[in-house]
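Work through the exercises below with the sequence and structure at hand. Each task is followed by its solution.

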Amino acid sequence: MRSMGATQEEYYRGVRMVPYDLVKELALALAGLGLVMIVAAAFLSSPDVGPVTIAAWAQGDPVDFVTTATGELAGSTTSAGYGAPYNTNADGQSWGPIAPQKWFGARIPVDSANAFVIQPLQRAAVGNADLGAAIGQWKGASADQQAKWLDAYGKALPSATVSDGKVTVATGDYGPLPVMMSNLLGVAQAGGLDGLLVINDRFYQTDYTQPLLFMGDGGYLAGLADQAHLTGSQWGMMNETGSYPGQTWLWLYTLWYQVPPFTSDTGFLGLNASNADLGVIILMTVLTVALALVPFIPILRDIPRWVPIHRLIWRRYYATGRPVTRT
Amino acid sequence: MSAANSPEGMSPSDASSWTLRTRKFVERNVPMDHLLPQRQPYYVGSWVYVFGVITIAALIWVVVSGVVLSFMGPQWWHASSVGRFFNGLHFWSVQLFFIFMVLHLWGQYFMAGWRDGRAATWMIGVVIFAASILTAFTGYLSQQNFDSQFIAINAKDAMNAGGIGAFFNVLNFGQMYGLHVMLLPIVVTFLVVAHIVMVRARGVVKPIDAEGGTRS
């Protein structure tokens, strides 16, 4: 086998070599960068807007909280009808026969109605007879009856009033829903729901799938994100709270979400706003592979020869008539 | 093995030693005077060549500041001014790492740095870029602040649509934190070391259309 070491000797044969201190260069770079970073860290610090708790949501916008919880019971929220990997209530995004979301099934099962509303209420019902009776009435009712209560309550919520943090709707036939929702709201405002959504019968917790899905279903957190310019339509994936730089290296990924066909209802070749996530993932995968294969792709590999930037980089070489012999 | 490469004066047991063969392979392909040369071709005189070294320096700062943060735990920097300072070092070193990595990438593109048998070095560089983006992404998800929350909620749709979310759950802090502080830094560091060794083993590519250089 021909070694790379021998190859380098042959490659540089006849080329004038000059002193070059790599280690010194690295040491200077480390010191210089260290100085810049220390100054930046000391004077600019780093972004750290505190997380939004479910308690803050329930206190800050009780109607949105109750509306979301009601939607969970009705199965009308984003998470309830999401599909894989949380449930099988939708097919998810696809492009022709390409449907990776569906291929792997519900690997992270989440039953939104039970997980976000019924189970926390059952835990909170200990020592609360009224709540226990309301849950019993709800579970004992037929699906049609539940749907009628949910429909009536859902229609009343947009006109709900808030007093002392409590949500009040116009009089109507809502079954046990007002009792259930006022208790859930109370538990949430006290901070209990933040814990109840992550316990899963374990003590140590590191998985926030359920509370994040629940908050994602509501409008409160999304509204705060919109104010901070973090949403997808605001180039949010590369933004950061405040005036800090975010993941600017995601600019190309974020760009596709701002342009057709990924913003269009009709789209192009089956790619449109409804399957934009899948389309952008496929496109970025293709582009990344193409970047890796640039050395083998005609035109892309020839551009550096056509664009004379290399003449600036090696201007001394080209200015001196390409001397390659040793002096 | 060719006669020129066969270890001379060795016993049969030495000749069959995997350890000795590995050492000889390394000595042949990456001799120390190539790994740490004190001289370079005279055309290595542009600032563009410094971008790679600065990227390595930034990565060292990323790792050092990250080690301090991981040692103290994920909540330390929210409640301590010293912790906030070290998070600032981590944050800005990551920003500088990406700035100079992208400059290095563009520099190498316009120098066609993959010429003369260096395509694999370029390809590993692109993989490092992709792995670094994934590492930074898990870092943003591990911050335990508002950004982490919304990035997770927003990003899950893309991950799920691509089928990745079934295995890479951006809403699971434990999984993201573990990947960020352990697995992905090892991957990036290993690839960067391989990238550097490949650069040093082959040496710096000649200028475009230089005598003795090939066209692609």
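**Exercise 1.** Find the residue of β1(B) that is the bridge partner of A:Val18.

Solution. The partner of A:Val18 in β1(B) is B:Gln40. Pairing requires at least two DSSP bridges between two strands. Strands are DSSP runs of E, at least two residues; helices are runs of H or I, at least four; both are numbered from the N terminus.

This is a predicted model: local features need pLDDT of at least 70, side-chain atom pairs count only at pLDDT 80 or more, and totals for chains, interfaces and linings use all residues. Residues are numbered from 1 along each chain as its sequence is written, while chains are lettered from A and ligands numbered from 1 in the order in which they are written.

**Exercise 2.** State how many residues each chain gives to the contact.

Solution. Chain A gives 85 residues and chain B gives 84. Contact means C-beta atoms, placed from the backbone, within 7 Å. On the side of chain A, helix α2 (residues 22-43) supplies the largest share, 12 residues.

**Exercise 3.** Describe how α7(B) and α9(B) cross.

Solution. Take α7 (residues 119-141) and α9 (residues 173-202), both of chain B. Their axes, lines fitted to C-alpha atoms over the stretch in contact, come within 9 Å. The crossing angle is roughly 160°, on a scale from 0 to 180 degrees between N-to-C directions. Therefore α7(B) is roughly antiparallel to α9(B), a term for angles over 145 degrees.

Terms used:
Angles under 35 degrees count as roughly parallel, over 145 as roughly antiparallel, 65 to 115 as roughly perpendicular and the rest as oblique. Two residues are in contact if their C-beta atoms, placed from the backbone, lie within 7 Å.
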